[in-house]
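Please look over the model shown here together with its sequence.

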Amino acid sequence: MPCLAKGQAKLVFSKKTIDLGMIAKKNNSTVVINFIFSNNGNSPLVIYKVKASCECTTADWSKKPIQLGEKGIVKVNFDTKNQNGFFSKSLFVESNSDESVVLLKIKGKLE
């Protein structure tokens with residue numbers, strides 16, 4: 001494990017990939033997924049941006065600085081309209097953490 005520089009935030013997700021399994025497809029359905037994270041560093045953590053791999057996926061996140069030991073949420077909305085079969089969507093979380101970009105994934109199958 002790398003040493004943190006003095007004053008460095010550390011973004012840690014409880015899970016980086018969430019498998020939703022089989023989802024029954026409904027018209028105009030949105031699936032909400034919460035990625036829980038914490039700051040395990042020694043300075044406040046700020047998430048600047050969360051970018052999704054496609055327009056069917058959007059995200060909202062804790063905008064206030066997350067202090068040492070505090071938790072936050074990246075809330076992902078996945079629009080299943082126009083989606084069929086297996087899917088895998090990526091989100092790129094940009095922050096002031098020691099790892100400046102973290103990759104999150106959701107996957108599953110619509111039936």
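What follows describes selected features of this model, with the criteria behind each term.

## Basis of the values

This is a predicted model, in which local features need pLDDT of at least 70 and side-chain atom pairs count only at pLDDT 80 or more, while totals for chains, interfaces and linings use all residues. Residues are numbered from 1 along each chain as its sequence is written, and side-chain values use heavy atoms, with hydrogens and water left out.

Four strands, taken in the order 1-3-6-5, make up an open sheet with antiparallel pairing; strands here are DSSP runs of E with at least two residues, numbered from the N terminus, and two of them pair if DSSP finds at least two bridges between them. At the edges lie strand 1 (11-13) and strand 5 (57-61), each of which pairs on one side only. Neighbouring strands of this sheet are turned by 30° against each other on average, direction ignored, where the axes are lines fitted to C-alpha atoms and angles run from 0 to 180 degrees between N-to-C directions.

Strand 3 (residues 30-39) and strand 6 (residues 71-79) run antiparallel and are joined by nine bridges. Within this pairing, Ile33 stands opposite Val76 in strand 6, and Ile36 stands opposite Ile73 in strand 6. Strand 1 pairs with strand 3, also in the antiparallel sense, over three bridges, and Leu11 has Asn39 of strand 3 opposite to it.

## The disulfide

One disulfide is counted under the rule that a pair of cysteine sulfur atoms must lie within 2.5 Å. The disulfide joins Cys54 to Cys56, with an S to S distance of 2.3 Å. Because the torsion about the S-S bond of Cys54 and Cys56 is about -50°, the disulfide is left-handed.

Cys54 is partly exposed at a relative accessible area of 23%, whereas Cys56, at 12% relative accessibility, counts as buried.

## A nonpolar surface patch

Phe92, Val101 and Leu103 make a nonpolar surface patch of about 230 Å². Patches are made of residues with over 30% relative accessible area and no salt bridge, nonpolar side chains (Val, Leu, Ile, Met, Phe, Trp, Tyr) being joined within 5 Å and like charges within 9 Å; a salt bridge is a side-chain nitrogen of Lys or Arg within 4 Å of a carboxyl oxygen of Asp or Glu. Accessible areas come from the Shrake-Rupley method with a 1.4 Å probe. Val101 is found in strand 8 (residues 101-110) and is partly exposed, with a relative accessible area of 40%.

How values were computed
Buried < 20%, exposed > 50% of the residue type's maximum accessible area, 1.4 Å probe, protein only.
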